[in-house]
Amino acid sequence: MQIKGAIRFLAITMAIICIYYLSFTFITQSIVKDAKEYANGDPKKEYHYLDSLSGEVVYNLGFRKYTLRECQEREINLGLDLKGGMNVILEISVEDIIKAMANNSKDTTFQKAITLAKQYQKDSREDFLTLFGQAFETVDPNARLAAIFNTVELKDKISFNATNQEVLDIIRQESKNAIDNSFNILRSRIDRFGVIQPNIQRLEQSGRIMVELPGVKDQERVRKLLQGTASLEFWETYNNTQVYSFMLQANEVIYQLEKAQKDLNKAEETSSEQKVETQVKKDSEDLTLLDQIASDSLKQDTSDLAQSQIAERYPLFSVLRPSINPNTNAPMEGSSVGMAHFSDTAKVNTYIGMKQVQAVFPRDIAFKWAVKPYKYDDSKSYYELHAIKVTGRDGKAPLDGDVITDARSEFDQSGGAEVTMAMNADGAKVWARLTKNNVGNFIAIILDDYVYSAPRVNDEIKGGRSSISGDFTVNEAKDLANILQSGKLPAPAKIIQEEVVGPSLGKEAINAGLNSFLIAFVLVMAYMVFWYSRRAGLAADIALLVNLFFLMGVLASMGAVLTLPGIAGIVLTMGMAVDANVIIYERIREELTAGKGIKLAVKDGFKQSYSAIIDGNLTTLITAVILYIFGTGPIKGFATTLIIGILSSLFTAIFLTRIIFEWYLDHNKPISFTSKLTQGAFKNIKFKWLENRKYAYIISSAVIILSLGSLFTRGLNMGIDFTGGRTFVVRFDNSVSTVNVASLLKDQFGIAPEVKTFGADNQVKITTKYRIDEDDVAVDNDIENKLYTGLKPILGDQVTLEDFNLNHKMSSQKVGATIADDIIIGSFIVMIIAFIFMFLYIFIRFKSWKYGLGAVVALAHDVIITLGVFSLFYGVLPFSLEIDQAFIAAILTVVGYSVNDTVIVFDRIREYRGLYPKRKVKPVMNAAINDTLARTFNTSFTTLLVIFIIFIFGGEVIRGFVFALMIGIMVGTYSSVFVASPIVYDAGYRKNEHEKTEE
C-alpha cells in the first residue's frame with residue numbers, strides 16, 4: 001500500500017486529537033467522583049464543592065490551563081434522556097408580530113385577513129406572513145397594506161404609496177429581526193440558568209427555537225423565564241463615589257449581626273451536651289461558603305486562616321470586591337459598586353437584602369448585576385454590581401424599550417465601534433429630560449433585570465437619536481444593538497413542545513445503555529474471532545476498538561450531544577462496521593479458493609471490495625444526513641453518531657486492517673480467514689433464487705396485503721408527536737391498576753386519560769389531550785398539580801409535590817397540535833426525500849433505472865411490512881409500539897440498511913455481468929446472490945445480535961425504537977435477496993432471457 005505512511009500519520013494525528021478532547025471528560029468525571037465522596041450523599045455539599053472549584057485550574061497541559069468550568073464545557077455532552085433535564089420548542093408568533101406592527105389595527109379588512117390566514121395555515125406549509133398576504137388580497141383586492149402599516153414607528157420605512165408587496169417585504173424583515181432578537185434574549189436567559197452545556201438552536205420553521213437544558217429541575221421557573229416578555233428599561237444610577245460610604249456602613253452592620261449571632265451561639269453551647277451537638281450541626285450549616293471550605297479542608301494553612309479572619313471581619317467585602325482605586329484606595333467613578341465571583345452572588349444578594357442593611361442605604365437605591373462577566377477578567381468569573389436610582393413614585397423605570405424605533409452598531413470617526421439608537425417622539429422627550437438631569441452621570445440599560453451597559457451621559461440629547469460609545473468590540477456593539485432592538489419585541493415565545501426527563505430515569509438510561517453497549521461489543525468481537533480465526537478476527541476487533549475510540553473522540557471534539565438513541569446509533573454502527581471487514585474477508589476467502597497466494601489474495605481481496613464497501617456505506621450515509629438535516633433533539637443525536645461511525649468505520653476497515661495484515665505478512669505470521677467450524681460455510685451453494693422468485697412474491701404479497709389491511713382497519717398507535725397532547729411516565733412504589741389510575745385522573749381532568757403499563761407493573765404512561773391548545777404557563781403547572789392530586793391516593797400522603805416531581809414523575813412530554821401537524825408532514829417529506837435519493841444514487845451508480853426500481857420496491861416492501869407489524873401487534877406485545885419521531889428515525893435507518901444490503905448484491909451482479917457478458921442473465925444473477933450469502937448472513941447476524949442485545953438490555957424508553965430496527969433489518973435482509981434482485985430481473989432482463997447479451 002503506497003500511502004501507508006500517510007495513513008499512519010493520519011491515524012496517529014487523529015488518536016492524539018481524540019485523546020486531547022476525551023481527556024476533558026476524564027478530568028471532569030474524576031472531580032465529580034471526588035465531589036460525591038466528599039458530599040457523602042448531600043447534593044448541596046456536592047454542588048458547593050464543584051462550585052468552589054469552577055473557576056480554579058484543574059487541568060494543566062503546560063501550554064494551556066483549564067478551569068473546571070472550561071473542562072465541563074469541553075466534556076462529552078450527555079442528552080436529556082441520559083442526564084435528565086428539559087427540552088422545549090418555542091414559537092415566536094408571527095401573527096402577534098404583524099398585529100403589533102399595525103398597532104393592533106381594528107381595520108375590518110386587516111382583521112378578516114388575519115382570521116383567514118389562520119385558516120389557511122391548518123392545511124399549508126407556507127409561512128404565516130405569506131398566507132396573510134394571500135388572505136389580504138382575497139378579502140379585498142383593492143385594499144392597501146400601507147394604509148394600515150404606515151404607523152409612527154414605521155413611517156420612515158413604509159411610505160403611504162408603498163405597494164402591498166413592498167410592505168410585506170418590510171414586515172418580513174422586521175419579523176426576522178424580532179425573531180433574531182428573541183433568540184438573543186432566550187440565549188441570554190439560558191446563560192443565567194447555571195446549566196452546563198445548554199443547547200439553543202433555530203429550527204427550520206420560521207419563528208421556532210429549540211432549547212435543551214440538561215440537569216434542570218425547576219420546570220416552572222424554566223417555563224416562566226423562557227415565555228416571559230422581554231423588559232428593556234433605562235434607569236438613572238448612583239455614582240460609586242456616592243455609595244461607597246454606605247457600603248462601609250453595610251459591612252459593619254453585617255459584621256455586628258454575625259458577631260452577635262456567634263456570641264449567642266456560644267452562650268447556648270454551655271446549656272447541655274445535647275444542645276452542644278445540635279448547635280454544632282446548626283453552626284456548620286450556617287457557615288458561609290468560604291468558611292465551609294476552610295473547615296472541611298484537610299490542608300488548611302496559615303494563609304487559609306488569615307483569609308477566614310478577613311472574611312469574618314469584612315463579611316461583605318470578602319464576597320464583593322469594592323470598586324476602589326488600588327493605588328489611592330479611593331472609590332472609582334461609575335455605577336458599579338463592586339464585583340463578585342459568580343458563586344458568591346447569592347451571598348451578596350442575601351447580605352444586601354437584610355432589613356438592617358437596607359436601612360443603611362438610601363431608600364431609592366436598588367442593586368442590579370451585570371449580565372456579562374467583567375470585561376478585563378480573564379477567568380470570566382466575576383460580575384459587576386450596579387447601583388440603580390429609583391426616582392419614580394411608582395417604582396418603574398423612567399423610560400422603557402417600547403420607545404426604541406431603531407438601533408444598530410456602527411463605527412465612530414476614530415474607527416471604534418459604537419451603537420446608535422433612535423426613539424419615537426414620546427421617548428425623545430423623556431430621553432432629553434433624563435439626559436439633561438444626568439450630565440456627567442450614568443444611565444443603565446437593563447433587560448430582564450440585568451445590566452447590559454451603563455454609559456456616561458456627556459450632554460443633553462434632543463431629538464431621540466443617540467450614540468453609545470465606549471471600549472466596545474465589534475461583537476459587543478452588535479450585541480448591545482440587538483438588545484436595544486429587543487425593546488420593541490411585540491410577542492413572547494410560547495412553548496409548543498416540551499419534554500422533561502427526571503434524573504432517576506436519566507441514570508437508569510445511562511446504565512441500560514452502557515450495559516447493552518458492553519455486552520454487544522464483547523459478543524461481536526467474540527463472533528469475529530469465532531468465524532474468521534484468531535488473527536483475522538483480532539485484526540477486525542482492533543479496527544472495531546479504534547473505530548469506537550475515534551467515534552467518541554470526534555463526538556467530544558464537535559461538542560455533539562450523546563443521547564440514548566445516540567448510544568443505539570453507536571452500537572448499531574458497531575454491527576455495521578463489521579460489514580466492511582466481512583466484505584473484505586469473504587472476498588479474500590474467494591481469492592484464496594481461486595488458488596492465489598496469501599499476499600496476492602489479501603491485495604486483490606481489498607481491491608475488489610472497495611466498490612461494494614463504498615456503495616453500501618454511502619447509501620446509509622445519505623440516510624443519516626437526511627436524518628441530521630430534518631431531525632431535532634435525540635434524532636439528530638442518533639444521526640450524528642451514525643454519520644461519524646460510518647466514516648470512521650470506513651477508515652479503520654479499509655486502511656487500518658490492511659496495515660495490520662501487511663505487518664502480519666512482513667513478519668511471516670500465518671493468517672487464516674476461516675476457523676475449523678466455519679471453513680465450509682456457504683460454499684458451493686447453487687440455489688436458484690430467480691427460478692423460485694414467484695414463491696417469494698406470493699409470501700411478500702400476502703404479508704403486504706395483511707399489513708395494509710391492518711393499517712386501514714386498526715391503524716397505528718400514534719404517539720403525541722403526531723396527535724398532540726401530553727404524556728407523563730409515573731413510577732409508584734408498588735404495582736398499580738391502569739384502570740384505577742385512569743379513574744382517579746378522570747376526576748381531575750374531566751375525561752379519562754389513556755393509561756398503559758410502561759415497563760414494570762409499577763410504572764405507567766399517562767396520555768391526555770386535556771387543555772393542550774392552551775399555551776399559558778399557569779396551565780402547565782395546573783395540570784401537573786392535578787396529576788399529583790389525582791394520584792395522591794396511590795402515592796400516599798407522605799409524598800409531597802416536590803418529591804413527586806423528583807422521584808415519581810420520571811418524564812413528561814407536551815406536543816402542541818400545530819407542531820404535531822408539522823411533524824406528520826415533515827416525516828412524510830423526509831421519507832419521500834430518502835426514497836428519491838436512494839433511487840437517484842443507485843440509478844447513477846449502476847447506470848440503469850432497473851436497479852433503482854428494484855431498490856425502491858424493496859424499500860417500500862420493508863417499510864410497509866414494518867408498519868404492518870406495528871399495526872398488528874400494538875396492544876398485544878408487552879411494550880410500547882407507539883409511532884413517534886424515533887420510529888421515523890428507525891424506519892429511515894432500516895431504509896439505509898436495506899439499501900446497503902441490496903447494493904452489495906447489485907454490485908456483485910454488475911461485476912459478474914461484466915465478467916461473463918455472454919452468459920444468460922438468470923444464472924449470473926443466481927451466482928451473484930449465492931456468492932454474497934456469507935456476507936449477507938454475517939452482517940445481518942452481527943447487526944441483529946447487537947440490536948437484540950439493545951432490545952433486551954437497553955431499557956423501556958427505546959424498546960419500541962429498537963424493535964422497529966430489529967423487524968426492519970430482518971425484513972430488509974429478506975428483501976435484498978428475494979425482492980430487489982428478482983424485480984431487477986423482471987423489469988429488464990426477463991424479456992431478453994433467450995438472448996445471450998442485453999440489448
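In β23, which residue is the bridge partner of Val500? The partner is Ser812. The model is predicted: local features need pLDDT of at least 70 and side-chain atom pairs count only at pLDDT 80 or more, while totals for chains, interfaces and linings use all residues. Residues are numbered from 1 along each chain as its sequence is written, and side-chain values use heavy atoms, with hydrogens and water left out.

Helices (H or I, at least four residues) and strands (E, at least two) are DSSP runs, numbered from the N terminus. Two strands pair if DSSP finds at least two bridges between them. Strands β18 (493–501) and β23 (809–815) pair in the antiparallel sense over 5 bridges.

The open sheet has 8 strands, ordered β5-β6-β4-β18-β23-β20-β22-β21, with antiparallel pairing. β5 (199–202) and β21 (754–757) are at the edges with a single partner strand each, so one side of each has no neighbour in the sheet. On average, neighbouring strands are turned by 15 degrees against each other, direction ignored.

Axes are lines fitted to C-alpha atoms, for helices over the stretch in contact, and angles run from 0 to 180 degrees between N-to-C directions.

| Helix | Strands touched | Angle |
|---|---|---|
| α27 (residues 738–749) | β21 and β22 (763–768) | about 155 degrees with β21 |
| α29 (residues 801–808) | β20 (725–731) and β23 | about 85 degrees with β23 |

Glu882 lies in the loop between α31 (849–873) and α32 (885–915). Its relative accessibility is 14%, and buried means under 20% relative accessible area (1.4 Å probe, protein chains only), so Glu882 counts as buried. Not counting residues up to four places away in sequence, Glu882 touches Asn717, Gly719, Lys765, Thr767, Phe870 and Phe887.

Conventions: Buried < 20%, exposed > 50% of the residue type's maximum accessible area, 1.4 Å probe, protein only. Contact = heavy atoms within 4.5 Å.
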